[in-house]
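Please find below a short note on the model shown here. The points may be read in order, with the structure at hand.

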Amino acid sequence: MDGNGRWAQRRGLPRSEGHTRGVDTVRSLLTRCRTLGIPYVTVYALSRENLKRPPQEVKFLFELFIRFLKSELPELERQGIRLGMIGDRQALPMTVRAALDYGIKKTSGGEMLFTLALAYSGREEIMRAARALTASGLDDSAPLEAQEKAFRKGLYNPELPDPDLIIRTSGELRLSNFFLFQSAYTEFYFSDKLWPDFDNAELDRALVHYAERSRRFGLTEAQAVTNDACTGHTSHPPPSSPPDAAILPDITS
């Protein structure tokens with residue numbers, strides 16, 4: 001969710017105002033994704049590197065997060081959206097951890113999973129998973145599938161599927177240490193819009209872009225079509241399909 005600070009600075013506003021407006025975008029995004037039936041949405045809210053920002057900005061972000069949870073929990077419950085979190089919990093203040101635990105418990109019955117990446121680092125997650133693989137006792141002779149399964153157990157949420165689509169806002173063209181392992185076959189959409197300006201129309205454009213892509217996962221076109229026929233999954237929806245008629249991805253912003 002990149003561009004909050006620049007959005008505010010271009011308008012002569014404090015950076016905190018940009019973060020506040022960014023929360024409004026999250027609220028709108030969640031409602032739209034829930035309407036479309038997208039089952040997983042993950043937002044990169046705070047990286048490990050973001051913790052090095054000026055203390056007053058980091059403090060404001062934590063306070064804003066707690067206010068967001070308090071105000072939005074009833075709506076999350078109403079829409080059937082359950083809360084999740086990935087990242088280093090120990091790097092978060094106790095008040096944030098308590099708010100997270102309450103929100104996760106309160107929304108546990110929801111069908112759609114809304115995951116917050118907080119104090120998150122893709123490299124750190126990979127190292128964490130590597131330690132889990134080592135601890136599993138598997139050696140190099142074990143099947144690769146078994147090794148990957150053991151590796152995934154060390155991810156912050158092993159049950160979270162690899163994202164089908166990652167959206168990066170504000171014109172930046174990099175991952176910024178996000179989902180480095182999980183994004184091996186993810187589709188990307190780069191938007192020039194700053195996060196507070198990322199509206200439903202831009203989300204729909206991202207989904208149309210996704211629907212037009214041919215997802216072969218290393219196979220040939222013919223193999224992918226055959227695999228789709230066997231599994232019942234269609235990786236080639238018509239380019240003209242509107243977002244709510246396309247195959248809806250697990251989306252990450």
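1. Contact here means heavy atoms within 4.5 Å. Leaving aside its neighbours within four places in sequence, Val41 is in contact with Leu29, Leu30, Cys33, Met112, Leu113, Phe114, Thr115 and Ile251.

2. The model is predicted: local features need pLDDT of at least 70, side-chain atom pairs count only at pLDDT 80 or more, and totals for chains, interfaces and linings use all residues. Residues are numbered from 1 along each chain as its sequence is written, and side-chain values use heavy atoms, with hydrogens and water left out.

3. A nonpolar core is a set of buried Ala, Val, Leu, Ile, Met, Phe, Trp, Tyr and Cys residues joined through side-chain atoms within 4.5 Å; buried means under 20% relative accessible area, with a 1.4 Å probe and protein chains only. The largest such core has 43 residues, and Val41, Leu100 and Phe114 have the most contacts inside it. Among the elements that each supply at least two of its residues are helix H2 (15-36), strand E1 (40-47), helix H3 (55-79) and helix H4 (94-106). H3 gives the largest share, eleven residues. Apart from this core lies another, of ten residues, including Tyr156 and Phe178.

4. Helices are DSSP runs (H or I, at least four residues) and strands likewise (E, at least two), numbered from the N terminus. Arg97 lies in helix H4. Is Arg97 buried or exposed? Arg97 counts as buried because its relative accessibility is 15%.

5. Not counting residues up to four places away in sequence, Arg97 touches Arg89, Gln90 and Leu92. Its side chain reaches the backbone oxygen of Leu92 at 3.1 Å.

Definitions and conventions. Buried < 20%, exposed > 50% of the residue type's maximum accessible area, 1.4 Å probe, protein only. Polar contact = N/O pair within 3.5 Å; in protein donor to acceptor, adjacent residues only side chain to side chain.
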